[in-house]
Amino acid sequence: MRSINSIKDLSLQEIDALVQTAEDIIARPEHYARKMAGKKLATLFYEPSTRTRLSFEAAMIELGGHVIGFSEAQSSSAAKGESIADTVKTISCYADIIAMRHPKEGAPLVASLNAGVPVINSGDGGHNHPTQTLADLLTIHREKGSFTNLRVGVCGDLKFGRTVHSLIDAMSRYDGVSFVMISPEELKVPSYAKLPLKERGIPYTQTTDLAAAMPELDILYMTRVQRERFFNEDDYVRLKDSYILTPQKLTTAKKDLIIMHPLPRVNEISVAIDEDPRACYFKQVLYGKYMRMALMMMLLEVK
Ligand code: NCD
């Protein structure tokens, strides 16, 4: 039995296999419609979510399975003081697989050590979000044709943005990748999230200047300033509009740039960009569902 806490838990071969499965699901969805018949997914979400929870649920339903769960801590026994260990021991009596989101870093790891079924980290605090990265990887693969030789700009709240930490970890495993990290001084990538770059000798630069970085980027990954992780509202208000992508700012960008965002968008990307063929954020949403289908099949060893 295997859980997924970080994108590191998947080898490059496994990521390739997930991409291939997702492509096959897209090509012939009817072949997968009964793969998970009789199986149950439990979504345990202690933090708000639209895409991640509903795409997990849609993924299980499209595979012919069922879904149980809760979408806020207050409606679970966490509100009465139950531990994560006890909750997941309980849920393991009802479900075959668990997707968990939690505001505390490491909570899904604790869950995986106590559950009798696989646990998938669906976002833990400001730490990791491996299944968003799977959605991002399928998007990059479909749009760029491969994962190699790409200059990746990540922009916004790189301190608390868990999707960025997982994306850096994943993309730094491919040849010819380099990073430009664009953020206010206060919201730079934490050192632990830069370790994969250092270990693998991946080139990266850190800057506050999006305009200067723009012309060289193959991918621009925008993120929301993570209000809920700030200690102080004044700091959030000061930093929230640090980067707002507008059509005007894209005039120096490559014609084949892809613009990504894990969503929700607050103010970081002008809606005028949604019609630009380079905007890929709603494709990420769709592809995330297929990758979650592929991942659940892999973890439950469904052929
Ligand atoms: C992200 C998350 O929850 O980390 N959303 C998502 O899962 N697609 C990004 C965010 O909340 O800003």
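This is a predicted model: local features need pLDDT of at least 70, side-chain atom pairs count only at pLDDT 80 or more; totals for chains, interfaces and linings use all residues.
How do the axes of helix α3 and α4 cross, and within what distance do they come?

**View 1. Helix α3 crosses α4.** Helix α3 spans residues 84-91. Its axis and that of α4 come within 8 Å. They cross at roughly 50 degrees. The crossing of α3 and α4 is right-handed.

**View 2. The contact of α3 with α4, residue by residue.** Helix α3 brings I84, A85, V88 and K89. Helix α4 brings A107, V110, A111 and N114. Six residues of this contact are nonpolar, one is polar and one is charged.

**View 3. An open sheet of four strands.** The strand order is β2-β1-β3-β4. The pairing is parallel. Strands β2 (66-70) and β4 (119-124) stand at the edges. Each has a single partner strand, so one side of each is left without a neighbour in the sheet. The twist averages 15 degrees from one strand to the next.

**View 4. Strands β1 and β2 side by side.** Strand β1 covers residues 40-45. Five bridges link β1 and β2 in the parallel sense. L44 stands opposite F70 in β2.

**View 5. Helices packed on the four-stranded sheet.** Helix α4 (residues 107-114) touches β3 (97-102) and β4. The direction of α4 makes about 165 degrees with that of β4. Helix α10 (residues 281-299) also packs on this sheet. It touches β1, β3 and β4. The direction of α10 makes about 140 degrees with that of β4.

**View 6. An open sheet of five strands.** Here the order is β7-β6-β5-β8-β9, with parallel pairing. The edges are β7 (204-207) and β9 (258-260). Each edge strand has a single partner, so one of its sides is left without a neighbour in the sheet. Neighbouring strands are turned by 15 degrees against each other on average, direction ignored.

**View 7. Strand β8, β9 and helix α6.** Strand β8 (residues 219-222) runs parallel to β9, and three bridges join the two. L220 has I259 of β9 as its bridge partner. Helix α6 (residues 162-171) packs on the sheet. It touches β5 (151-155), β6 (178-182) and β8. The direction of α6 makes about 165 degrees with that of β6.

Technical notes:
Residues are numbered from 1 along each chain as its sequence is written. Side-chain values use heavy atoms; hydrogens and water are left out. Two strands pair if DSSP finds at least two bridges between them. Axes are lines fitted to C-alpha atoms, for helices over the stretch in contact, and angles run from 0 to 180 degrees between N-to-C directions. Contact means heavy atoms within 4.5 Å. A crossing is left-handed if the near helix is turned anticlockwise from the far one by less than a right angle, and right-handed if clockwise. Ala, Val, Leu, Ile, Met, Phe, Trp, Tyr, Cys and Pro count as nonpolar, Asp, Glu, Lys and Arg as charged, and the others, Gly among them, as polar.
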